[in-house]
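Try each task before reading its solution.

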Amino acid sequence: MLKSLKEWVLVFIIIGAIMLTGNWIGYDVLPWNALPGIAILIGISLAGLIVHRLLPFQLPSIAYIGIIGLILTIPGMPGAEQIVMYTTEVNLLAIATPILAYAGVSIGRSWFDFVQLGWKTIVIGMFVLLGTFLGSAVIAEVILRFQGII
Amino acid sequence: MGEQALKLWKDWRLHVIVLAIVAVTESIGTFAIPLGPGTILLLPMLYAVVIGLALYFTPLVNDKQSINAEPLVFLSVSVLIAKFGVQAGPALPQIIEAGPALLLQEFGNLGTIFLALPLAVFLGLKRESIGMTHSIGREANLALITDKYGLSSPEGRGVMAMYIFGTVFGSIFIGLISGFLATVTPLHPISFAMATGVGSGSMAAASLGPLVAAFPEMSETLTAFSGVSNLISSVTGLYMSIFVGLPLTVKMYEILSKNKEKKEKAAKGGVNYVKKS
């Protein structure tokens, strides 16, 4: 536990630095302005990973991370406004770009398997993604309209 | 994760490459390509996945980097999920109000069964189509199908093919269509934000990115709804597959393939008849 905690912290420092750089280049937020925000986000991630280790339930660690972030920022929670203020400085897209850069490097190994898939699989795959995505959006739309929210 | 994730932080080559990719792609910035009434948004993250993939075929990236990159995707996704969380807290009243939509849109993930399964059967696939189209085919679904049918069964081959497809092409494809669909269809961006919880972290990032870029004035609300949708999917997704998605796919497959057989037989019968006369 302690060993992987140290590993996690070191990795998060690297990832955080990369995100701060992207946030600076792409979205003009100076790194020291976004530093508290990224530190908070990393703290929440670590807390979620640790809670995931300690609790016996079969929930994915990202569920804990999301719930901790949500609870900390419910209006009225002490410090909620500060957390929101600081984390707003970290642009969502600046977080997404390094994720997909790592993903790109990681999927290289699957490329040869990918090119061996037939055209039918590729076409069906696109319809699987389209069906999943559009299906959710349509149901959400119908209910939101029914409720008069949008 | 954990004990086997040894010395990830020491893979400097990988981190420097990712830093360079980020610096280059963020400098290039976003391009919007008008396509009919909609827009396709090309975002830095989209170039990032393509460049990362291309670098695998250069001496810069070895298998070691590629293997190490996988847990790093997971850890960087966790920062994204934390960001989702802190956006969701302030929006909690809105989220509760939209609760029914958020919960029920999970059933929309079954849309693949109605769209992709008939296509797969039409294209002549047999039981592979069950593995392929019962869900978006990420890790949890791979485990489910393997557990139930075995990986070397037709169903297992199907889910494996979809897993590979999604791994390589998923975030690119969904990143391209998400912004386009949101600008071309009459559906509200919030509905699409709820749809981004499809069960994969990098696909969530890839599908939310264009929405936020296309509707910057709503970015906080969109992120909050996307976050909660991802949270719900991460908890309910597998059970949805076990209890609804997979049984429904099997049932639909049986009906579709029977119909197809009937039609084929009828067609064959017709040809024979013509020949005889």
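**Exercise 1. Decide whether Phe127(A) is buried or exposed, and find what surrounds it.**

Solution. Start with the neighbour count: Phe127(A) is buried because it has 20 C-beta neighbours inside 10 Å. The rule is that a residue with 20 or more other C-beta atoms within 10 Å of its own is buried, one with 12 or fewer is exposed, and one in between is partly exposed, with C-beta atoms placed from the backbone. Helices (H or I, at least four residues) and strands (E, at least two) are DSSP runs, numbered from the N terminus. Then list the contacts, where two residues count if their C-beta atoms, placed from the backbone, lie within 7 Å. Leaving out residues up to four places away in sequence, Phe127(A) touches Leu115(B), Ala116(B) and Leu119(B).

A word on conventions before going on. The model is predicted, and local features need pLDDT of at least 70, side-chain atom pairs count only at pLDDT 80 or more, while totals for chains, interfaces and linings use all residues. Residues are numbered from 1 along each chain as its sequence is written, and chains are lettered from A and ligands numbered from 1 in the order in which they are written.

**Exercise 2. Describe the side of chain A that touches chain B.**

Solution. First count the residues: 87 of chain A are in contact with 111 of chain B. Now look for the elements that give two or more residues to this side of chain A: they are α1 (2-27), α2 (31-54), α3 (61-72), α4 (80-88), α5 (92-107), α6 (111-116) and α7 (119-147). The most comes from α7(A), with 24 residues. Finally, sort the residues of this side by type, which gives 60 nonpolar, 22 polar and 5 charged. Here Ala, Val, Leu, Ile, Met, Phe, Trp, Tyr, Cys and Pro count as nonpolar, Asp, Glu, Lys and Arg as charged, and the others, Gly among them, as polar.

**Exercise 3. Work out how α3(A) packs against α3(B).**

Solution. Two packed helices are described by the angle between their axes and the distance between the axes. For α3(A) and helix α3 (residues 63-88) of chain B, the angle is about 35° and the axes are 6 Å apart. Axes are lines fitted to C-alpha atoms, for helices over the stretch in contact, and angles run from 0 to 180 degrees between N-to-C directions. Now find the handedness: the crossing of α3(A) with α3(B) is right-handed. A crossing is right-handed if the near helix is turned clockwise from the far one by less than a right angle, and left-handed if anticlockwise. Then inspect the residues that meet, including Ile65(A), Gly66(A) and Gly69(A) from α3(A) and Ser78(B), Ile81(B) and Gly85(B) from α3(B). By type, this contact has 12 nonpolar residues, 4 polar and no charged.

**Exercise 4. Characterise Asp28(A) and Gly37(A).**

Solution. Asp28(A) sits in the loop between α1 and α2 of chain A. Asp28(A) is exposed because it has 9 C-beta neighbours inside 10 Å. Most residues other than glycine have a negative phi, and most peptide bonds are trans. Asp28(A), though not a glycine, has a positive phi near 55°.

Turn to Gly37(A), which is found in helix α2 of chain A. With 25 C-beta neighbours inside 10 Å, Gly37(A) is buried. Setting aside residues up to four places away in sequence, Gly37(A) touches Tyr86(A), Thr87(A), Glu89(A) and Val90(A).

**Exercise 5. Trace the two strands of chain B.**

Solution. Chain B has 12 helices and 2 strands. Strand β1 (residues 31-35) and strand β2 (residues 38-42) run antiparallel and are joined by 5 bridges; strands pair if DSSP finds at least two bridges between them. Ile33(B) has Ile40(B) as its bridge partner, and Pro34(B) has Thr39(B). The hairpin has 2 residues between the strands, and Gly36(B) takes a positive phi near 60°. To finish, check the cover: of the 5 residues in β1(B), the count of buried ones is 0.
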